[in-house]
Amino acid sequence: MRSAVDDTPTRLDRIRSVLRRVAHESYHRLAGYNYRHTLVSRRNDTPAGSFRSYEPLNRHGDDPLLAAIDRSCGSDAIIYDIGANVGVYALALATDQPERQVVAVEPAPSTVDHCRTNVLRNSCGEQIAIEACGLGERTGTEQFYVSSSPELSSFDRASATRWGASIVRTVDVPVRTLDELASDHPLPDVIKIDVEGAAAAVIAGGRETIQDATPTLFIEPHSDGLDDDPTAPLRTRLDAVGYTVADHGEYWRCVPNE
């Protein structure tokens with residue numbers, strides 16, 4: 001039988017998981033109400049730029065990944081923001097650099113609506129093209145798991161239920177390849193990929209674009225809270241397109257091999 005002392009870490013983990021889930025769900029309920037009624041747009045300050053947002057809190061105000069992307073982008077860069085969420089990265093990178101163009105890709109239907117609302121609030125429709133789809137290894141339609149913690153929503157059920165989150169509903173979402181997406185837009189200088197563990201599939205569907213354009217890739221690998229580590233297949237895919245990985249902990253910066 002386990003002693004009370006031995007069981008303490010498990011209890012603490014459960015308590016932390018519950019508190020995290022409750023905090024996230026409460027925040028997103030408040031944010032959803034604000035978006036639906038467009039009540040309050042606040043100034044959102046980030047390392048890349050400032051803009052107005054209907055998010056209740058300042059999002060990514062101290063974000064090393066966003067800062068790194070901004071440093072890598074020229075004033076007229078073409079940026080693909082894959083996993084754009086409500087548009088914080090896209091807006092931060094665009095608002096202070098009017099010559100930049102951003103392609104914001106987001107599959108979650110309600111999150112796409114929030115992204116559009118933020119882009120409209122900042123009059124950035126000419127700079128930011130929103131693509132309501134997922135990116136994967138092939139074109140088609142896939143089941144998407146909408147999580148009670150929206151930022152965890154994913155095509156992968158395990159990713160959408162991390163840290164005690166639950167599935168709110170499932171929806172069929174269109175999926176394109178990166179190569180197909182790039183045929184509709186200028187080739188990217190920089191690609192940011194934040195897709196809850198599915199980055200390997202994005203790379204697999206974008207080999208031609210990556211090899212032709214040789215963009216700098218910024219990837220959030222998202223291995224925390226998952227039983228299966230998604231980073232091994234991701235490294236294999238990056239090696240196949242001739243890219244070197246610099247692991248910065250929270251994100252990877254990937255560049256073509258010299």
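Ile15 is placed in helix α1; helices (H or I, at least four residues) and strands (E, at least two) are DSSP runs, numbered from the N terminus. The model is predicted, so local features need pLDDT of at least 70 and side-chain atom pairs count only at pLDDT 80 or more, while totals for chains, interfaces and linings use all residues. Residues are numbered from 1 along each chain as its sequence is written, and side-chain values use heavy atoms, with hydrogens and water left out.

With a relative accessible area of 48%, Ile15 is partly exposed; buried means under 20% relative accessible area, exposed over 50%, and partly exposed in between (1.4 Å probe, protein chains only). Together, Leu12, Ile15 and Leu19 make a nonpolar surface patch of about 280 Å². Patches are made of residues with over 30% relative accessible area and no salt bridge, like charges being joined within 9 Å and nonpolar side chains (Val, Leu, Ile, Met, Phe, Trp, Tyr) within 5 Å. Accessible areas come from the Shrake-Rupley method with a 1.4 Å probe, and for residues only the protein chains shown count as cover.

Helix α1 also holds His28. The C-alpha atoms of His28 and Ser149 are separated by 7.3 Å, although the two residues are 121 residues apart along the chain. Neighbours within four places in sequence aside, His28 is in contact (heavy atoms within 4.5 Å) with Pro150 and Glu151.

In soluble globular proteins, nonpolar side chains tend to be buried together. A nonpolar core is here a set of buried Ala, Val, Leu, Ile, Met, Phe, Trp, Tyr and Cys residues joined through side-chain atoms within 4.5 Å. The largest nonpolar core has 31 residues, of which Ile69, Ile128 and Phe218 touch the most other members. At least two residues of this core are supplied by each of α1 (4–37), α2 (64–72), α3 (88–95), β4 (101–105) and α4. The greatest contribution to this core, seven residues, is that of α3. Another core, of 26 residues, lies apart from it and has Val103, Cys133, Ala199 and Ala200 among its members.

In α2, the buried residues are Leu65, Leu66, Ala67, Ala68, Ile69 and Asp70. Their cover includes α3, β9 and β10 (216–219). When residues up to four places away in sequence are not counted, Ile69 touches Tyr89, Leu93, Val190, Lys192 and Phe218. The N-terminal end of α2 is capped by Asp63, a side-chain oxygen of which lies 2.9 Å from the backbone nitrogen of Leu65.

Side chains of opposite charge can pair when their charged atoms come close. With a salt bridge taken as a side-chain nitrogen of Lys or Arg within 4 Å of a carboxyl oxygen of Asp or Glu, the count comes to ten salt bridges. One of these joins the side chains of Lys192 and Asp81 (2.7 Å, N to O). This pair links distant parts of the chain, with Lys192 in strand β9 (residues 190–193) and Asp81 in strand β3 (residues 78–82), 111 residues apart. Lys192 counts as buried because its relative accessibility is 3%, and Asp81 counts as buried at 1%.

A further salt bridge is formed by the side chains of Asp113 and Arg116 (3.7 Å, N to O). Both residues lie in helix α4 (residues 109–121), three residues apart, about one turn of the helix. Asp113 is partly exposed at 43% relative accessibility, as is Arg116 at 40%. The side chains of Asp184 and Arg176 also meet in a salt bridge (2.5 Å, N to O). Salt bridges that share partners join Glu131, Arg176, Glu180 and Asp184 into one network. Within that pair, Asp184 is partly exposed, with a relative accessible area of 47%, whereas Arg176 is buried, at 14%.

Ser147, in strand β7 (residues 140–147), is buried at 3% relative accessibility. The side chain of Ser147 reaches the backbone oxygen of Ala160 at 2.8 Å. This is a polar contact, defined as a pair of N or O atoms within 3.5 Å; within protein, one must be able to donate a hydrogen and the other to accept it, and residues adjacent in sequence count only if both atoms are side-chain atoms. Thr161 is placed in the loop between α5 (157–160) and β8 (167–176) and is partly exposed, at 29%. A polar atom of the Thr161 side chain lies 3.0 Å from the backbone oxygen of Arg157.
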